[in-house]
Amino acid sequence: MTTQIGNPFPMFYDLRGRPLDRGKVYIGAVGQDPQLAPVPVFADMALTNAVSQPITTIGGVLSRDGQPIFAFVADQQYSIRVTDADGAVVFYAAAAN
């Protein structure tokens, strides 16, 4: 049996293509501004371990208390905004999944 090793966490990059450090990720209701209409985000598939927003990035991965985390939402679609440490928008989607 062969197992491929890879990064299990999604990566976020700055506008220059480098791993986003000290960025902020906002997750919201589909079709709405995620900063104004946030939805609950969780660090586990069972949706029991809530994550506060905005979610910060370290080295391009979502983090909480300096540790990489996964992010889950109850709905299949959501809006997302990613900003860099200076607040510049790196990525925005009104509907993502």
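Strands are DSSP runs of E with at least two residues, helices are runs of H or I with at least four, and both are numbered from the N terminus. The legends below describe a predicted model in which local features need pLDDT of at least 70 and side-chain atom pairs count only at pLDDT 80 or more, while totals for chains, interfaces and linings use all residues. Residues are numbered from 1 along each chain as its sequence is written, and side-chain values use heavy atoms, with hydrogens and water left out.

Figure 1. Leucine 47 is found in the loop between strand S2 (41-42) and S3. Its phi is positive, about 60°, although leucine 47 is not a glycine. Leucine 47 counts as partly exposed because its relative accessibility is 30%; buried means under 20% relative accessible area, exposed over 50%, and partly exposed in between, with a 1.4 Å probe and protein chains only. Arginine 22, in the segment before S1, also is not a glycine and has a positive phi of about 65°. With a relative accessible area of 61%, arginine 22 is exposed.

**Figure 2. The cis peptide bond at proline 54.** Glutamine 53 and proline 54 are joined by a cis peptide bond, with omega about 0°. Proline 54 has its place in the loop between strand S3 (50-51) and S4.

**Figure 3. Surroundings of threonine 57.** Threonine 57 is part of strand S4, which spans residues 55-58. Its relative accessible area is 1%, so threonine 57 is buried. The side chain of threonine 57 reaches the backbone oxygen of leucine 20 at 3.0 Å. A polar contact is a pair of N or O atoms within 3.5 Å; within protein, one must be able to donate a hydrogen and the other to accept it, and residues adjacent in sequence count only if both atoms are side-chain atoms. Leaving aside neighbours within four places in sequence, threonine 57 is in contact (heavy atoms within 4.5 Å) with Phe12, Leu20, Asp21, Arg22, Gly23, Val25, Leu62 and Ser63.

**Figure 4. Surroundings of serine 79.** Strand S7 (residues 78-83) contains serine 79. Serine 79 counts as buried because its relative accessibility is 0%. A polar atom of its side chain lies 2.9 Å from the backbone oxygen of glutamine 32. Residues up to four places away in sequence not counted, serine 79 touches Tyr26, Ile27, Gly28, Ala29, Val30, Gly31, Gln32, Asp33, Pro34, Ala93 and Ala94.

Figure 5. A search of the whole structure finds two aromatic pairs. Rings of Phe, Tyr and Trp (its six-membered ring) pair if their centres lie within 6.5 Å; planes under 30 degrees apart count as stacked, over 60 as edge-to-face and the rest as tilted. Phenylalanine 9 and phenylalanine 70 are stacked, at 4.5 Å centre to centre and 25° between the planes. This pair links distant parts of the chain, 61 residues apart: phenylalanine 9 is in the segment before S1, and phenylalanine 70 is in the loop between strand S6 (67-68) and S7. The pair of phenylalanine 70 and phenylalanine 72 is tilted, because the ring centres are 6.4 Å apart and the planes at 40°. Phe9, Phe70 and Phe72 form one aromatic cluster. Phenylalanine 70 is partly exposed at 35% relative accessibility, and phenylalanine 72 is partly exposed with a relative accessible area of 25%.

**Figure 6. The largest pocket.** A pocket is an open set of points on a 1 Å grid over the protein atoms alone, where a 1.4 Å probe fits, with protein on both sides within 12 Å along at least five of seven lines; lining residues have an atom within 4 Å of a point. The largest pocket holds about 210 Å³ of space, a volume being the space filled by probe spheres set on the points, which are joined across faces, edges and corners. Its lining has 14 residues, and Ile27, Ala71, Phe72, Val73 and Tyr78 lie nearest its centre. Strand S1 (24-28) and S7 are the elements that give two or more residues to this lining. The lining divides into 12 nonpolar residues, one polar and one charged; Ala, Val, Leu, Ile, Met, Phe, Trp, Tyr, Cys and Pro count as nonpolar, Asp, Glu, Lys and Arg as charged, and the others, Gly among them, as polar.

**Figure 7. The second largest pocket.** About 180 Å³ of space lies in the second largest pocket. Its lining has five nonpolar, no polar and seven charged residues, including Asp14, Arg16, Arg18 and Val90.
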